[in-house]
Amino acid sequence: MTPRARLLLSGAITAAVVGLLAAGAARLAAPKAAGLPMVGQVIPAAQRPPGPGISGTTLTGQHLNIASWRGHTVVINFWGSWCVPCRKEAPVLARIAGDTRSLGVRFAGIDIREDPAAGLAFERQYHIPYPSISDPGDLLAARFGAAAPVATPSTYILDGRGRIAWAWFGATTYSQLELAVTGVAPLP
């Protein structure tokens, strides 16, 4: 094969790979992929699907039932200490949890696919100020049904009535999550 033919073949393969990656990313962010009317935007109140019942034992051994937080905006983040994007996102979530506390926003993590000791070490390392439910079998995600997480990390915001008001699959940024939280949380 001539050098020119190899270059053309290499370019065609690169274009095909880039196209497949873009299609996969678009599918992950597509609302239908998540069973939600939209992903990455605050869902209008009339279109918000009900959130699932989420409860379990936290990494510190306490029982947590998210339904007891009705009336509050709730941010739920699926994560694992083994997840590189989760490590990048952890300081963002900790900061927003502190910055939105005055709005009555509650945060909860769901630590998936690992033993509680690894999750607790992660929380201590990143100074996570909110509880996380231990879910080593990754069973709580299934409660979201068609709106189940399609990536790790995944973040949901539930409105005061327990409905899914926002979702993001992958690591979120401070500005993105802060805008979504303040768009869902009632004004003080």
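These legends accompany a few close-up views of a predicted model.

In this predicted model, local features need pLDDT of at least 70 and side-chain atom pairs count only at pLDDT 80 or more, while totals for chains, interfaces and linings use all residues. Residues are numbered from 1 along each chain as its sequence is written, and side-chain values use heavy atoms, with hydrogens and water left out.

View 1. Five of the five residues of S6 are buried, so the strand is largely enclosed by the rest of the structure. Here buried means under 20% relative accessible area, exposed over 50%, and partly exposed in between (1.4 Å probe, protein chains only). Ser154, Tyr156 and Leu158 point one way from S6, with Thr155 and Ile157 pointing the other way. S6 pairs in the antiparallel sense with S3 (residues 74-79) over five bridges, and with S7 (residues 164-169) over five bridges too; pairing requires at least two DSSP bridges between the strands. Look for isoleucine 76 with its bridge partner tyrosine 156, and for threonine 155 opposite tryptophan 168. In the hairpin of S6 and S7, five residues lie between the strands, and glycine 162 has a positive phi near 85°.

**View 2. Aspartate 111, a buried charge without a salt bridge.** Aspartate 111 belongs to strand S4 (residues 106-112). The nearest side chain of opposite charge is that of arginine 113, 9.0 Å away; Lys and Arg count as positive, Asp and Glu as negative, and His and the chain ends are not counted. A salt bridge would need a side-chain nitrogen of Lys or Arg within 4 Å of a carboxyl oxygen of Asp or Glu. Among the residues that aspartate 111 touches are Leu59, Trp79 and Ile133, where contact means heavy atoms within 4.5 Å.

**View 3. Salt bridges elsewhere in the model.** The whole structure has four salt bridges. Aspartate 138 and arginine 113 meet at 3.1 Å, N to O. This pair links distant parts of the chain, 25 residues apart: aspartate 138 is in the loop between S5 (132-135) and S6, and arginine 113 in the loop between S4 and helix H4 (116-125). Arginine 163 and aspartate 159 meet at 2.8 Å, N to O, and a network of salt bridges links Arg48, Asp159 and Arg163. Aspartate 159 is buried at 5% relative accessibility.

Technical notes
Helices (H or I, at least four residues) and strands (E, at least two) are DSSP runs, numbered from the N terminus. Lists of a residue's contacts leave out its neighbours within four places in sequence.
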